[in-house]
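Subject: Structure handover

Hello,

Here is the structure we talked about. Please open it first, then read my notes below.

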Amino acid sequence: MGRQAVKIPGPLGQRGRGRRRLPLRRTLLPAARFLGDLLPRLLDMGLAAALLLVISPLLLARGVASVLQTGRLFDFDELIGRCRTRIHRLRFAGSGPLKGLAVWFSVLKGDLALVGPRPLSPAEAAAVPVADAVRFSVRPGLVTPFGVKRQVGIAHLGESRIDRDFVYAQSVKGDLGLAARSMVTGVLGGGAARETPPLLNFFGIPILNTSMAEAVDWLMAVGASGHGAARQLAFVNPDCLNIAWHDAEYRAVLLAAARVLPDGIGIHIGCRMQGVALRENVNGTDLFPLLCAAAAERGRSLFLLGARPGIAASAAERMQRRYPKLRIAGTRDGYFDVAEEPAVIEQINASGADLLLVAFGAPRQDVWLHHHRDALAPPVRMGVGGLFDFYSGRIPRAPVWMREIGLEWVYRLLQEPGRMWRRYVIGNPLFLYRVWRQMLSPERFALPPERVPATTEPTP
Ligand code: UDP
């Protein structure tokens, strides 16, 4: 009897098309890896060399000025670089303009890259958590992922975590994209340091200038309080403020809310026009996962009301998969008539939820919450717009690069041009025009004095 070859199922039993080429691969792979590592460095060096060449007359003049002033050409900051080695970030010695141009010599030398985590001082480097130490495996950069996000107010995860994610996902294409985005955010968020007042004023409506982390803490604290301390929170974008400009009822609701939070790049630009700075873009869509994480950790429960049938339930299910300890007290769609309202409110109250999120779109959701404020039991009530559509996956959100340069609204416009053109194409310039009008006659748009202490009250 002839011996039969035993067939092993699965990949082990297959010869594999590439097997014969294995020795070739073994030689080529390290070479490819080496080139992959080298390419960004070559790009940085090429760019720095080209730039230094182009601006060489300026460098010469600046260098002569430095030597005449101080007898030295350069000063430097000693910082922590790749593999925790000490590096020098150069600047021209003495006082006067163009001192910073010398930093391109640090790039040429290899101490800095064009894109990378921020170079840290020795004390800062010692404080980096072990889990995020991977940031030291790459050269620190002139353009930093955290800096780009912070300039448009979407750096919610903290620098250490953003740097870690950057290092794991780094590529030449990604670096070039980040450098391009930093030019855009530099124009939007750059310029001189501005004051960040605790309250922003848009059309006489006080908007709390806060951070995502602080807003979540506040929600958790109020969520633990009883019905007597119930608070309503609203997010406003330029479209909401345009509505509040002529809708007296909505305006009164925003004035009565415990907190109004700034949502979107339009508010950021409006702040710049007024000569102040927005601390963070505290929008409901970015806040939601942080809220779910905190609620899961601290045992607070959520009720999701609104959007088309099945959408709130699907968003709830997805978030529960992401945060297994998250307690969803109940969900319900947002398509019911006035006669059904008592039953809806009864369902919410019977669920025992600590936080009620209502997604009917602005201003309906905020007015509805205000109207039923005494009947509703959850201590925290907030209007969240199209949030459940995003988190159920019904409507995809703009890619991160678009959000980073403040173009999420363009993505929304392209998704639903028929519904959104008025909001964005007409609404955005109209909003900026109204901000300008407010600047011309600020006395007409003063904040109501009695609202100021209530809105800036400390965390309960
Ligand atoms: N919606 C609702 N009931 C209604 C009308 C609208 O639940 O009677 C929901 C709608 O399905 C969508 C949300 O309200 O999920 C409104 O989304 P939009 O993007 O307009 O809100 P925005 O964030 O712009 O305020």
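Two strands pair if DSSP finds at least two bridges between them. Please keep in mind that this is a predicted model.

Start with strands S11 and S12. S11 covers residues 355-359, and S12 covers residues 380-383. Four bridges join them, and they run parallel.

Proline 363 sits in the loop between S11 and helix H15 (364-371). A cis peptide bond joins alanine 362 to proline 363, with omega at about 5 degrees. As background, most peptide bonds are trans.

Now the ligand. How many residues surround the ligand? There are 13, and the closest are Ala307, Gly334, Gly361, Gly385 and Gly386. By class, the shell has six nonpolar, five polar and two charged residues.

Then look at the hairpin formed by S1 and S2. S1 (residues 74-80) and S2 (residues 86-92) run antiparallel, and seven bridges join them. Aspartate 77 in this pairing stands opposite arginine 89 in S2. Five residues lie between the two strands. Cysteine 83 is in that loop. Its phi is positive, about 55 degrees, although cysteine 83 is not a glycine. In general, most residues other than glycine have a negative phi.

Last, a helix pair. How do H9 and H19 lie to each other? The axes of H9 (residues 238-246) and H19 (residues 417-440) come within 9 Å and cross at roughly 65 degrees. Angles of 65 to 115 degrees count as roughly perpendicular. H9 and H19 are therefore roughly perpendicular to each other. The crossing is left-handed. From H9, the contact involves Pro238, Asp239, Leu241, Asn242 and Trp245. From H19, the residues are Arg423, Gly427, Asn428, Leu430, Phe431 and Arg434. By class, this contact has five nonpolar, three polar and three charged residues.

Best wishes

Technical notes: Residues are numbered from 1 along each chain as its sequence is written. This is a predicted model: local features need pLDDT of at least 70, side-chain atom pairs count only at pLDDT 80 or more; totals for chains, interfaces and linings use all residues. A residue is near a molecule or strand if its C-beta atom, placed from the backbone, lies within 6 Å of it. Ala, Val, Leu, Ile, Met, Phe, Trp, Tyr, Cys and Pro count as nonpolar, Asp, Glu, Lys and Arg as charged, and the others, Gly among them, as polar. Axes are lines fitted to C-alpha atoms, for helices over the stretch in contact, and angles run from 0 to 180 degrees between N-to-C directions. Angles under 35 degrees count as roughly parallel, over 145 as roughly antiparallel, 65 to 115 as roughly perpendicular and the rest as oblique. A crossing is left-handed if the near helix is turned anticlockwise from the far one by less than a right angle, and right-handed if clockwise. Two residues are in contact if their C-beta atoms, placed from the backbone, lie within 7 Å.
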